[in-house]
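Colleague: I would like to go through the labels on this model. Tell me what stands behind each one.

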Amino acid sequence: GDVADEVRDVALYLEADGHRPTDRGAVFAHNRVEWMSAALAIQTAGGTMVPVYPSSTAEQAAYVLGHSDARVVFVDGAELLGRVLLAMPAMPALERVVLLDAALDPARALAALRAAGKPAPTDAEVLAKVVTWAEVRARGRAIATADPGALERLLDAISLDAPAIMLYTSGTSGPPKGVPL
């Protein structure tokens, strides 16, 4: 029941945030319950879920996230957040970064990139896109409370012909290729 509530909350947040059935959402995180909840929420909102291997370099993540036109990425850990921040210029469709860890500090991640001499987006660019998992859950829960039929309408609108997931190959013979399932 708790996981179903997480999926509902996040899916309703995504819809309210402008996520549409043709959109793609990515999960760039290590295995954890929120990984699954985020993936299912993207699909519940009618979108295509794009998993990004946590072992991906910033360049690899930028390629997958940019090529897939991911509109939202769920990320955990300072290291993965740093890779997303480095990759942001290559992701024109990216509108939202959801931090799965409450302790993640985008300002600290930006400072670390700058201290290492790496290119980093501005604080304003990042803060305009970042939201926490707790904020996403709270907004989605408020929507569900105000409109108990919202999730049902969201589920009814899903096309059974739409891709559910886009997997990227390892790219051993060139850039990874997106395989919609």
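Modeller: Start with E79. This is a predicted model, and E79 has a relative accessible area of 56%.

Colleague: Why is E79 called exposed?

Modeller: Exposed means over 50% relative accessible area. E79 has 56%, so E79 is exposed.

Colleague: And why is R83 called buried?

Modeller: The cut-off for buried is under 20%. R83 is at 14% relative accessibility, so R83 counts as buried.

Colleague: What makes R83 and E79 a salt bridge?

Modeller: A side-chain nitrogen of Lys or Arg must be within 4 Å of a carboxyl oxygen of Asp or Glu. The closest N and O atoms of R83 and E79 are 2.2 Å apart, so the pair counts as a salt bridge. Both residues lie in helix α4, 4 residues apart, about one turn of the helix.

Colleague: How do you know that R71 and D23 form a salt bridge?

Modeller: By the 4 Å limit again. The N to O distance between R71 and D23 is 3.9 Å, so the pair qualifies. This pair links distant parts of the chain: R71 is in strand β3, and D23 is in the loop between α1 and β1, 48 residues apart.

Colleague: Are R71 and D23 buried or exposed?

Modeller: R71 is buried, with a relative accessible area of 6%. D23 counts as buried too, at 18%.

Colleague: Which salt bridge joins R71 and E95, and what is its N to O distance?

Modeller: The side chains of E95 and R71 meet at 2.9 Å, N to O. E95 sits in the loop between α4 and β4, 24 residues from R71.

Colleague: How many salt bridges does the whole structure have?

Modeller: The search finds 15. D5, E6, R8, D9, R137 and R141 are linked in a network of salt bridges.

Colleague: What makes β3 and β4 a pair?

Modeller: Two strands pair if there are at least two bridges between them. β3 and β4 have 4 bridges, in the parallel sense, so they pair. V72 has R96 as its bridge partner in β4.

Colleague: Why are β2 and β5 called edge strands?

Modeller: The open sheet has the order β2-β1-β3-β4-β5, with parallel pairing. β2 and β5 each pair on one side only. The twist averages 25° from one strand to the next.

Definitions and conventions
Residues numbered from 1 in each chain as written. Predicted model: local features only at pLDDT ≥ 70, side-chain atom pairs only at ≥ 80, totals over all residues. Heavy atoms only, no water. Helix = DSSP H or I, 4+ residues; strand = E, 2+ residues; numbered from the N terminus. Axes fitted to C-alpha atoms, helices over the stretch in contact; angles between N-to-C directions. Buried < 20%, exposed > 50% of the residue type's maximum accessible area, 1.4 Å probe, protein only.
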